[in-house]
Amino acid sequence: MIIVNTDYITGKDLEMLGLVKGTTIQAKNIGRDITQGLRNIVGGELKAYTDLLIQSREIATQRMIEEAEKMGADAVVNVRYSTSSVMQGASEILAYGTAVKFK
């Protein structure tokens with residue numbers, strides 16, 4: 001499966017199949033929250049949160065790919081990511097794009 005953030009793939013004619021998306025909602029771990037709160041006081045990267053965000057983005061991307069595969073897609077173009085706070089301590093990561101088939 002080819003995943004790109006452009007609306008084309010060089011050298012390929014594309015047939016659009018439709019919107020595909022994948023999402024996950026992840027909550028902070030209270031233990032992580034305490035240690036990251038201390039890091040916030042002294043400054044620096046909040047590594048535990050960075051790792052959580054990376055893992056969440058991978059889950060959302062995989063779910064988007066699975067939806068595209070169900071449609072018979074060869075690729076997903078114009079891929080974008082969005083994040084939003086769902087409730088205190090929990091965030092949603094959304095991956096979305098256009099599933100396409102090669103002509």
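**Exercise 1.** Classify Lys 21 in this predicted model: is the residue buried, partly exposed or exposed?

*Solution.* Take the relative accessibility of Lys 21, which is 40%. Compare it with the cut-offs: buried is under 20%, exposed is over 50%. Lys 21 therefore counts as partly exposed.

**Exercise 2.** Find out how many salt bridges the whole structure holds, and state which side chains meet in a salt bridge.

*Solution.* Search the whole structure: 1 salt bridge turns up. Next, identify the partners. The side chains are those of Glu 67 and Lys 21, at 3.3 Å from N to O. The cut-off is 4 Å, so the pair qualifies. Now place the partners: Glu 67 sits in helix α2 and Lys 21 in strand β2, so the pair ties together parts 46 residues apart in sequence. Finally, check Glu 67 itself. Its relative accessibility is 24%, so Glu 67 counts as partly exposed.

**Exercise 3.** Describe the largest pocket: what is its volume, and which residues lie nearest its centre?

*Solution.* Start with the volume, about 220 Å³. Then list the lining, which has 14 residues. Nearest the centre lie Gln 26, Lys 28, Leu 52, Ala 90 and Ser 91.

Terms used: Residues numbered from 1 in each chain as written. Predicted model: local features only at pLDDT ≥ 70, side-chain atom pairs only at ≥ 80, totals over all residues. Heavy atoms only, no water. 1 Å grid on protein atoms, 1.4 Å probe; cavity = no way out; pocket = protein on both sides within 12 Å on 5 of 7 lines; lining within 4 Å. Points joined across faces, edges and corners; volume = space filled by probe spheres on them. Helix = DSSP H or I, 4+ residues; strand = E, 2+ residues; numbered from the N terminus. Buried < 20%, exposed > 50% of the residue type's maximum accessible area, 1.4 Å probe, protein only.
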